[in-house]
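The structure goes here first.

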Amino acid sequence: MSDRFLVTGGARLAGEIAVAGAKNSVLKLMAAALLAEGTTVLENCPRIQDVPLMIEVLRGLGCEVTWEENVGRITITTPAEPNYHADFEAVRQFRASVCVLGPLIARRGKAIVAIPGGDAIGSRPLDMHQSGLETLGAETSISHGCLVAEAEHLKGAHIKLAFPSVGATENIVTAAVLSEGTTILENAACEPEIVDLCTMLQQMGAKIEGVGQSVLTVHGVEKLNPISHRVIGDRVVAATWAFAAAMTRGDITVTGINPDYLTVVLMKLQSAGADVDTWEDGFRVRQESRPVATNFQTLPYPGFPTDLQPMAIGLAAIAEGESMVTENVFEARFRFVEEMVRLGADAYIDGHHAVIRGVEKLSSAPVWASDIRAGAGLVLAALLTDGVTEIHDVYHIDRGYPDMVAQLQSLGGEISRVSDETSASS
Ligand code: UD1
């Protein structure tokens, strides 16, 4: 049994929120610390549940790790020879653990990484991670629930990804930085979190060209050095608050985020009727009247992020008119829509399209979060209901949203956390 949220609908959210570092960056940067012997320091780390899990993985690999939660600092001391076996218990709990694969094979010539468990958003195979490492000269196999990769030494090569996979790009780059010679990676993912990783690797001494573009050229070096690095802001959390403003006809200012990461998202909110102002490290979203129906299509960056698809469905559910949301990245990401329907959304799914006819008000009901972003989408939808919505399995939300309850309360939302013992607390 996990904690629940009780969300009372009706509030118009207003105020200012500072976002912390990105989940999808910090976990990868922590893994990248394995590439250099010595002490790496990461600043602006978010207080989310995936961070202690990654700390457990790194400790299992022989690193010393401290996490100063209050100041957002993680300090990782990597030994000369980290272990190469990331064991099942910690790894199976979250997908990002697979990003230790590239650094381990680069440092140790061998990596055994337990295959992360299934996910409610799709099957998430690792074939591109494997074939990329194989092109660099590794042998890979699946054995006893683990992905095993071995290479006497890695050699730069020309790799073309069939799809710009974020995880495969990260594992290939982190393996290539210590390979012999030059690797050219075509159709690489361009997400800001990949740029953050490449920037950190460059600071460590890696030679990477084309950062932020779809062709990355990596000239292997012999050794990398540990450094200090500040994690970029979390664009998905920032955008969740932007959707909250638009959906509740509110007025929210978000700081700690480069709005360039959200160009398409903010444009879409403008189409739905929001006023948007941006500046160097923040933005403000205001919505006066009921949002108008808007179509969304998820795509790799710089397209509309799949991680915001549940928020798009939430907006469409209460917008005036009919919207279509198309999911192009994860095949099973619409599973949570049945929870939206439980809240009164008028939605049906046809393959990878969802058609949603907006209603004026949703209707409170018990619902279940199936993954981090679906959970956040349900919280936003619950704000538009006519009563108290009980959201179960909120441990998913804790994996990616620091202090969701306190942050929502600070904007005027009515929300409380209820633990198994049924004692309500914030
Ligand atoms: C990362 C993010 C996740 C985000 C996703 C897409 C982390 C921890 N997670 O996930 O929040 O939703 O990017 O922006 O950073 N695929 C294959 N074979 C592979 C690898 C991927 O078929 O070897 C497929 C996946 O099943 C999916 C698509 O490619 O359909 C995109 O996946 P990918 O970009 O790799 O996502 P993740 O890195 O897992």
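My entries on domains and then on the cavity follow.

I worked from a predicted model, where local features need pLDDT of at least 70, side-chain atom pairs count only at pLDDT 80 or more, and totals for chains, interfaces and linings use all residues. Residues are numbered from 1 along each chain as its sequence is written, and side-chain values use heavy atoms, with hydrogens and water left out.

**Domains.** I looked up the domain assignment (bounds from an automatic or database assignment). It gives domain 1 as 4-19 + 233-425 and domain 2 as 23-222. Their centres, taken over C-alpha atoms, lie 30 Å apart. Domain 1 puts 24 residues into the contact and domain 2 puts in 21 (heavy atoms within 4.5 Å).

**Buried area.** I took this as the accessible area (1.4 Å probe) that two parts lose on being put together, summed over both. Between domain 1 and domain 2 it is about 1,800 Å², with 54% from carbon and sulfur atoms. On the domain 1 side, Tyr301, Phe330 and Arg399 lose the most area to domain 2, together 31% of what that side buries.

**Salt bridges.** I required a side-chain nitrogen of Lys or Arg within 4 Å of a carboxyl oxygen of Asp or Glu. The rule finds two across the interface of domain 1 and domain 2. I also noted a salt bridge between the side chains of Arg235 and Glu193, at 2.8 Å, N to O.

**Cavity.** I counted grid points (1 Å grid over the protein atoms alone) where a 1.4 Å probe fits but cannot get out; lining residues have an atom within 4 Å of a point. Volume is the space filled by probe spheres set on the points, joined across faces, edges and corners. One cavity reaches 30 Å³ or more. The largest cavity has a volume of about 40 Å³. Its lining includes Lys28, Cys99 and Glu170.

Key: On a 1 Å grid over the protein atoms alone, a cavity is a set of points where a 1.4 Å probe fits but cannot get out, and a pocket is an open set with protein on both sides within 12 Å along at least five of seven lines; lining residues have an atom within 4 Å of a point.
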